[in-house]
Amino acid sequence: MTVKSLTVNEALRFANHDFLNHLHLIQMNLDLQRVNEAKETIAQLSEHCKMLSNINQLKLPKTVEWLQTVSWRYPAIQLCLSSQVAAQVNSKYDEAIVQYLENTIIHVYDSLDPYEQQQLQLRIESNEKQCQITFHLTGKWQQMRFHTEQNILNVKTYEQTDTSWKYVLSIYEE
């Protein structure tokens with residue numbers, strides 16, 4: 001089960017909306033003589049752009065698209081994304097990664113508690129020997145067990161409760 005991807009027009013609308021929000025935040029801080037806060041916002045945006053550029057080095061177009069649009073498609077979840085990509089990943093894993101991540105979100109999304117903050121921390125690390133995506137969702141939802149058929153990905157679950165779900169998705173190259 002996959003939620004349809006965004007059209008180019010929808011993605012541009014979301015990106016423009018986010019861009020204007022950031023500009024307004026900078027302008028507001030400057031109007032209030034909070035120059036350091038305005039500079040911090042600019043620094044954060046710069047780091048975010050660098051990180052998005054870094055994940056493009058994965059050379060996994062579907063995965064990169066999913067990572068860049070997940071917060072727009074699932075607005076109840078606040079995304080915190082970090083990356084350290086030093087090598088590309090074999091494209092044969094692209095669809096499996098997206099499907100696993102998407103299925104995880106779909107699994108809990110409808111049962112999220114609307115009165116709790118939901119945060120998803122995704123850490124992507126890649127080198128010549130392996131790629132790891134650490135998925136850590138915190139918040140509150142109805143606890144359910146998530147079962148997937150075995151596929152080409154290695155997934156190790158560290159925690160799965162009704163307030164925290166953490167696993168590491170790994171790909172090893174030989």
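**Helices, cavity and pocket**

Visitor: What covers the buried residues of H2?
Guide: The cover of the buried residues of H2 includes H1, H3, S1 and S2. Buried stands for under 20% relative accessible area, exposed for over 50%, and partly exposed for the range in between, with a 1.4 Å probe and protein chains only. Elements are DSSP runs numbered from the N terminus: helices (H or I) of at least four residues and strands (E) of at least two.

Visitor: What kind of model is this, and how are residues numbered?
Guide: This is a predicted model, in which local features need pLDDT of at least 70 and side-chain atom pairs count only at pLDDT 80 or more, whereas totals for chains, interfaces and linings use all residues. Residues are numbered from 1 along each chain as its sequence is written, and side-chain values use heavy atoms, with hydrogens and water left out.

Visitor: What is the mean pLDDT of the chain?
Guide: The mean is 90, and 94% of the residues reach 70 or more; pLDDT is the predictor's confidence in each residue, from 0 to 100. Among the elements, H1 has the lowest mean (89) and S2 the highest (96).

Visitor: Back to H2: which of its residues are buried?
Guide: Ala-38, Thr-41, Met-51, Asn-54 and Ile-55 are buried in H2. This helix has 22 residues and reaches 32 Å from its first C-alpha to its last, close to the expected 32 Å. The expected span is 1.5 Å times one less than the number of residues.

Visitor: And where is the kink in H3 centred?
Guide: The kink, of about 35 degrees, is centred on Leu-67; the bend at a residue is the angle between axes fitted to the seven residues ending there and the seven starting there. H3 covers residues 61-73 and reaches 17 Å, close to the 18 Å expected.

Visitor: What do the buried residues of H3 pack against?
Guide: They pack against H1, H2, S1, H4 and S2. Among the buried residues of H3 are Trp-66, Leu-67, Val-70 and Trp-72.

Visitor: New topic: how many cavities of 30 Å³ or more are there?
Guide: The count is one, and the largest cavity has a volume of about 40 Å³. H3 and S1 are the elements that give two or more residues to its lining. On a 1 Å grid over the protein atoms alone, a cavity is a set of points where a 1.4 Å probe fits but cannot get out; a pocket is an open set with protein on both sides within 12 Å along at least five of seven lines; lining residues have an atom within 4 Å of a point.

Visitor: Which residues lie nearest the centre of the largest pocket?
Guide: Asp-18, His-22, His-48, Leu-52 and Trp-72 lie nearest the centre, out of 25 lining residues. The volume of the largest pocket is about 980 Å³. H2 gives the most to its lining, with seven residues.

Visitor: Is Gln-33 buried or exposed?
Guide: Gln-33 is exposed, with a relative accessible area of 66%. This residue lies in the loop between H1 and H2, and its phi is near 65 degrees, a positive value in a residue other than glycine.

Visitor: Lastly, what is Tyr-109 in contact with?
Guide: Leaving aside neighbours within four places in sequence, Tyr-109 is in contact (heavy atoms within 4.5 Å) with Tyr-74, Pro-75, Ala-76 and Ile-77. Tyr-109 is found in helix H4.

Definitions and conventions
Grid points are joined across faces, edges and corners, and a volume is the space filled by probe spheres set on the points.
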